[in-house]
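Let's take a friendly walk through this model together. Have the viewer ready, and follow along from one stop to the next.

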Amino acid sequence: MPQQSTTAPQPQLATHMVTIMVSGIMTDLQFPYVSFPRLTISGDQLYSMVWGCIRRLETCGFKVIALTCNGASSNRTFMKLHHSGGNLTYKTKNPYANEDRPLFFISDPSHLIKTVRNCWANSYGHSYTRKLKVYICLCLCSFSWICFIP
């Protein structure tokens, strides 16, 4: 009679870490709230993780007013899940707020600037498809910084 293996398959190790940070606007308070080790992450999975964190933070007395993230496809999908018409999704209703307070979506300025820089640097590379001009890059960089000054 052949012996059956009693060892269970080894789980795969996480390759990514999704971390939700809390950062105060009028205070120096800043800390990692929760981290989720993952192999992959989708916008749908982020949706339940992020809104669960917002619910708990609002219940503890924090007033969550904005989410900042980079331009990863899962983050863009997460924001698109809040689309309510129009061309751009930049805010949504915060159902856990005690008052009528929206939740704003903000792209991380450092990632925006790096993206603009990389697009500009590669604009005449390869097949000459983008052909971005210097003044466009400067304008976008200035606009990004102005948006994020409190």
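What follows is a short tour of a predicted model, with stops at an arginine, some strands and a surface patch.

Start at arginine 101, which sits in the loop between β4 (91-93) and β5 (102-107). Is this residue buried or exposed? Its relative accessible area is 11%, and because the cut-off for buried is under 20%, arginine 101 counts as buried.

Now look at what surrounds the arginine. Leaving aside residues up to four places away in sequence, arginine 101 touches Glu58, Lys63, Val64, Ile65 and Asn94. One of these, lysine 63, is 38 residues away along the chain, yet the two C-alpha atoms are 9.0 Å apart in space. The arginine side chain also makes polar contacts: one of 2.9 Å with the side chain of glutamate 58, and one of 2.7 Å with the side chain of glutamate 99.

From here, step along into β5. This strand pairs with β4 in the antiparallel sense over 3 bridges, and there lysine 91 has phenylalanine 104 in β5 as its bridge partner. β5 also pairs with β3 (residues 66-69), in the parallel sense over 4 bridges. In that direction, cysteine 69 stands opposite serine 107 of β5.

Finally, return to Ile65, one of the residues that arginine 101 touches. Together with Ile25 and Met26, Ile65 makes a nonpolar surface patch of about 360 Å². Methionine 26 lies in the loop between β1 (16-23) and β2 (30-38). Its relative accessibility is 81%, so methionine 26 counts as exposed, whereas arginine 101 is buried.

Terms used: Residues numbered from 1 in each chain as written. Predicted model: local features only at pLDDT ≥ 70, side-chain atom pairs only at ≥ 80, totals over all residues. Heavy atoms only, no water. Helix = DSSP H or I, 4+ residues; strand = E, 2+ residues; numbered from the N terminus. Buried < 20%, exposed > 50% of the residue type's maximum accessible area, 1.4 Å probe, protein only. Contact = heavy atoms within 4.5 Å. Polar contact = N/O pair within 3.5 Å; in protein donor to acceptor, adjacent residues only side chain to side chain. Patch = residues over 30% accessible without salt bridge, like charges linked within 9 Å, V, L, I, M, F, W, Y side chains within 5 Å. Areas by Shrake-Rupley, 256 points an atom, 1.4 Å probe, with all protein chains shown as cover. Salt bridge = Lys/Arg side-chain N within 4 Å of Asp/Glu carboxyl O. Pairing = 2+ DSSP bridges.
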